[in-house]
Protein chains: 2
Amino acid sequence: MSSESPRRRRGAGRAARQARASATQAAAPYIRRKVPSYEVLDDAGLELIERNADRLLAEVGIEFREYPEALSLFAKAGAEIDGERVRFPPGMCREIVQKSAPSTFVQHARNPERNVQIGGDATVLVPAYGPPFVSDLDGGRRYGTIEDFRNFVKLAYMAPALHHSGGTVCEPVDLPVNKRHFDMVYSHIRYSDKPFMGSVTAPERAQDSIDMAKIAFGESFYEPQTGAPRCVLINLINANSPMVFDNTMLGAAKVYAENGQATVVSPFILAGAMSPVTVAGTAAQILAEALAGMAFVQLVNPGAPTVFGTFASSMSMQSGAPTFGSPEPSLVMYVAAQLARRLGVPFRSGGGLCASKLPDAQAAYEAANTLQTAMLAGVNFMLHTAGWLEGGLVMSYEKFMMDADQAGMIQKFHGGVDLSENGQAIDAIVETGPGNHFLGSTHTQQNFQSAFYNSSIADNNSFEQWQADGGLDAAQRANRRWKAALESYEAPPIDPAVDEELLAYMGERKASFPDANY
Amino acid sequence: MSSESPRRRRGAGRAARQARASATQAAAPYIRRKVPSYEVLDDAGLELIERNADRLLAEVGIEFREYPEALSLFAKAGAEIDGERVRFPPGMCREIVQKSAPSTFVQHARNPERNVQIGGDATVLVPAYGPPFVSDLDGGRRYGTIEDFRNFVKLAYMAPALHHSGGTVCEPVDLPVNKRHFDMVYSHIRYSDKPFMGSVTAPERAQDSIDMAKIAFGESFYEPQTGAPRCVLINLINANSPMVFDNTMLGAAKVYAENGQATVVSPFILAGAMSPVTVAGTAAQILAEALAGMAFVQLVNPGAPTVFGTFASSMSMQSGAPTFGSPEPSLVMYVAAQLARRLGVPFRSGGGLCASKLPDAQAAYEAANTLQTAMLAGVNFMLHTAGWLEGGLVMSYEKFMMDADQAGMIQKFHGGVDLSENGQAIDAIVETGPGNHFLGSTHTQQNFQSAFYNSSIADNNSFEQWQADGGLDAAQRANRRWKAALESYEAPPIDPAVDEELLAYMGERKASFPDANY
């Protein structure tokens with residue numbers, strides 16, 4: 001025994017290193033979908049919704065509030081301006097978008113091996129965005145802090161099937177509102193090397209995000225041939241549904257577009273309150289809003305990367321609360337994804353949405369229903385893939401680990417059906433013959449290691465073994481997983497000079513704010 | 001206040017009656033799918049798998065163990081017999097099946113309003129089948145009893161989106177093995193009026209099931225015009241994968257087929273052990289086994305209703321344990337459903353499968369992944385829709401209620417996108433206008449009651465309200481639901497003379513068995 005111990009220890013060390021390596025290095029930078037998308041409507045149905053969106057843009061129009069620049073851009077492009085209301089001749093927004101918006105683009109990461117394609121047959125899985133609260137089984141529900149923020153950046157960095165560091169993975173409520181974007185952007189750069197999202201809560205915070213990205217990327221911020229800025233940031237610009245964009249969002253979108261960065265234009269809809277209660281009505285409104293927002297981006301800077309976003313939930317008609325994982329939002333997502341494909345632009349939607357207050361069965365049913373829908377809809381940029389709880393109010397450590405496991409399943413599913421000779425496995429069946437088992441067959445031996453997705457959360461053991469292991473539920477196992485992950489975290493390398501410059505920039509900028517702005 | 005109380009009480013009584021009525025009466029007898037199915041492979045891929053299945057049937061063949069009658073039937077039909085091994089000329093099984101197997105059929109229920117169509121655009125949601133154990137939050141995990149069996153029949157009867165009473169909803173382990181089928185069949189007849197499944201554990205138990213159905217259905221067991229037996233029973237005939245059928249299953253299938261009852265021929269596969277580790281290999285084997293089994297049924301009685309079944313799980317390569325809700329079984333199910341459609345026969349698969357020992361997040365993720373797959377695959381007979389836990393070893397009261405809620409969502413999803421004027425809701429958007437909400441709009445008022453699926457399990461309230469309500473998780477809410485449902489259960493009417501005859505028949509038959517057979 002004693003002679004074996006050191007070897008075992010070495011073996012264990014190697015295994016741990018390999019686990020780390022496979023988690024953070026060997027993972028595919030994004031998914032290439034080898035399976036078809038699910039098409040819930042035929043062309044006639046989609047054309048009907050497109051006509052309805054055109055009619056809404058022409059008859060109702062969109063309000064661009066307190067943002068005269070949008071009005072003059074649209075007036076010049078041929079729209080009719082009535083106060084802050086803009087009415088668009090049928091087809092106008094579509095033409096503007098289709099004329100210059102790219103169908104796919106690359107978002108560059110600090111580590112070029114993690115660059116992601118957004119659009120086409122690519123799917124990028126992204127953590128949840130926006131929760132002011134965090135929760136875990138030990139500490140319960142509480143306001144998020146910058147430490148929580150860093151933790152989720154680290155966990156996303158280590159998750160093999162999350163391709164992106166996300167944006168506001170939680171609100172660092174312990175930091176002043178007008179300065180926290182610096183620490184968020186810095187954390188994404190410093191604790192991960194995956195691509196990330198910039199701030200949108202004010203135009204100047206958008207500019208700060210870009211300035212920090214310029215420091216982080218250095219020369220590689222620019223295309224070597226043309227000197228044009230590369231896309232290194234993506235954002236989330238919500239419409240104020242129904243049919244309104246506000247000056248904060250428009251101002252931020254303008255900064256990103258002018259700098260060649262990517263804008264996700266995303267109607268944010270609680271159907272029944274912010275859109276009609278029907279799928280077809282909601283889809284037409286979403287298309288109208290997304291078209292207007294994307295047209296604005298293309299007028300600001302033709303060719304700037306832009307993404308058709310959709311966030312639609314249904315509503316409890318008892319309480320008015322948003323509901324998730326239910327059939328109507330799934331139908332909306334399938335339809336919206338089809339509309340985006342017809343338009344020829346990348347599509348964004350969620351993710352592991354749920355209304356539950358706990359990482360329990362409700363959370364999992366709802367998240368899985370939404371994740372499966374997003375997977376088969378062919379979503380290109382799947383925001384809220386991991387961590388989302390309680391209608392997006394809470395970022396849950398345990399839910400994050402469980403959803404990240406589901407992300408791995410989505411990645412595997414998109415590999416599709418292997419129809420090679422090895423995939424067909426006829427020889428294996430001939431070799432094995434009736435009534436025998438395949439465990440020892442040559443084919444099984446050659447393929448078993450990669451054959452089946454290996455869940456990091458599921459317990460598939462016997463009841464007795466599971467009991468002997470403590471009889472834990474999935475959330476309790478996830479609790480152990482995130483702690484172990486954070487313990488084994490190692491930061492990706494960063495040039496110390498770059499880090500210094502980032503810190504100096506932040507210090508200077510922060511010092512320029514009056515403290516009272518907290 | 002006092003003058004209002006009586007009215008309120010009357011109102012409450014009416015509400016309760018209406019709730020009961022809507023749960024057990026007004027529910028649709030089955031789903032008519034108004035959405036397309038998901039097609040993961042194109043025709044070329046499916047043809048490849050069909051050719052491979054033909055090759056397996058010709059080169060490897062199928063063993064029909066200890067059942068000479070199958071051998072002589074197949075010899076007469078042109079197959080090559082080698083001991084118990086039967087090898088089929090390419091295309092032979094397909095021809096036999098396509099010549100006489102119906103593409104759709106009706107399974108009649110004791111209450112004709114609950115008749116279900118099996119096949120085509122119909123989907124029938126069916127409880128889990130086979131667990132020897134049951135569990136609930138109060139009593140934990142224990143062997144199933146006839147009381148548990150009755151409870152699950154009652155719960156399925158009351159579940160608005162379960163269309164079928166199922167078969168062995170749990171094993172009544174407290175009853176003798178050789179007599180318990182009487183009590184199971186009787187329970188389905190007595191405590192429900194939905195269609196149900198017959199016993200397959202021995203040919204004579206199949207006959208007993210049919211004899212009891214004849215008593216229950218009386219004259220309506222036969223077609224009034226032709227006098228031919230109606231399909232009132234369906235069963236589950238598993239292949240002993242790989243490539244084997246045994247005499248128990250074949251004997252039972254023969255009894256059902258001869259009596260015009262429906263047979264589900266279902267390869268039961270743990271991929272990696274009972275089939276190759278690949279999707280395409282497993283699919284080819286499933287097709288070969290299903291074709292051979294269905295051909296047997298058609299040779300016994302051309303035209304007897306038969307269903308292409310598939311049960312495929314993946315395997316933990318650490319422990320050899322079956323795993324569920326993972327990407328590979330989903331791909332197998334999508335492919336198998338396509339193969340069944342091409343063959344032109346109804347398709348059966350599961351359902352809310354999972355490996356978890358608890359009704360927790362693991363159970364829910366895995367069940368939802370499988371349910372979503374079965375929904376979009378276009379499964380016609382969705383066995384194991386509700387209740388399944390721990391790889392099918394356990395029927396869980398709480399999981400049953402949670403899955404039955406998901407069944408409602410599946411039903412709603414299949415309604416598809418309403419493209420009527422009302423569905424398009426353009427007037428609602430025009431009327432509401434930018435920045436206003438839809439809650440008070442005419443369209444919302446007219447549609448809100450049926451607009452969104454209303455979950456019986458999800459808690460969508462605020463965190464504070466949820467806390468005030470006891471801070472329960474989904475399983476705890478489900479625990480309250482099944483108890484409340486059983487308390488409010490009312491048996492469907494049955495002719496007392498029929499009931500008497502059933503009891504007399506059972507008494508006589510049971511008395512004919514030696515007690516030692518327990």
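## A tour of chains A and B

Select chain A. Buried residues make up 59% of its 518 residues; a residue is buried if 20 or more other C-beta atoms, placed from the backbone, lie within 10 Å of its own, exposed if 12 or fewer, and partly exposed in between. This is a predicted model: local features need pLDDT of at least 70, side-chain atom pairs count only at pLDDT 80 or more, and totals for chains, interfaces and linings use all residues. Residues are numbered from 1 along each chain as its sequence is written, while chains are lettered from A and ligands numbered from 1 in the order in which they are written.

**Stop 1: the whole of chain A.** Switch to cartoon view. Chain A has 18 helices and 21 strands. These are DSSP runs, numbered from the N terminus: helices are H or I with at least four residues, strands E with at least two. The radius of gyration of chain A is 24 Å, close to the 24 Å from the globule rule for 518 residues, so chain A is as compact as a globular protein of that length. That radius is taken over C-alpha atoms, and the rule is 2.2 Å times the number of residues to the power 0.38.

**Stop 2: confidence.** Colour by pLDDT, the predictor's confidence in each residue, from 0 to 100. Chain A averages 94. Now select residues 1-25 of chain A, where pLDDT stays under 50. Where pLDDT is low, the predicted coordinates should not be read in detail.

**Stop 3: the core.** Select Val335(A) and Val335(B). Of the 340 residues in the largest nonpolar core, these two touch the most other members. Such a core is a set of buried Ala, Val, Leu, Ile, Met, Phe, Trp, Tyr and Cys residues joined through C-beta atoms within 7 Å. Among the residues that Val335(B) touches are Val417(A), Val40(B) and Leu41(B). Touching, or contact, means C-beta atoms within 7 Å, placed from the backbone.

**Stop 4: where the chains meet.** The contact takes 104 residues from chain B and 103 residues from chain A. Select helix α11 (residues 361-377) of chain B. With nine residues, α11 gives the most to the side of chain B that touches chain A.

Stop 5: Select α15 (residues 442-451) of chain B. Its buried residues are His443(B), Thr444(B), Asn447(B) and Ala451(B).

Key:
Contact = placed C-beta atoms within 7 Å. Lists of a residue's contacts leave out its neighbours within four places in sequence.
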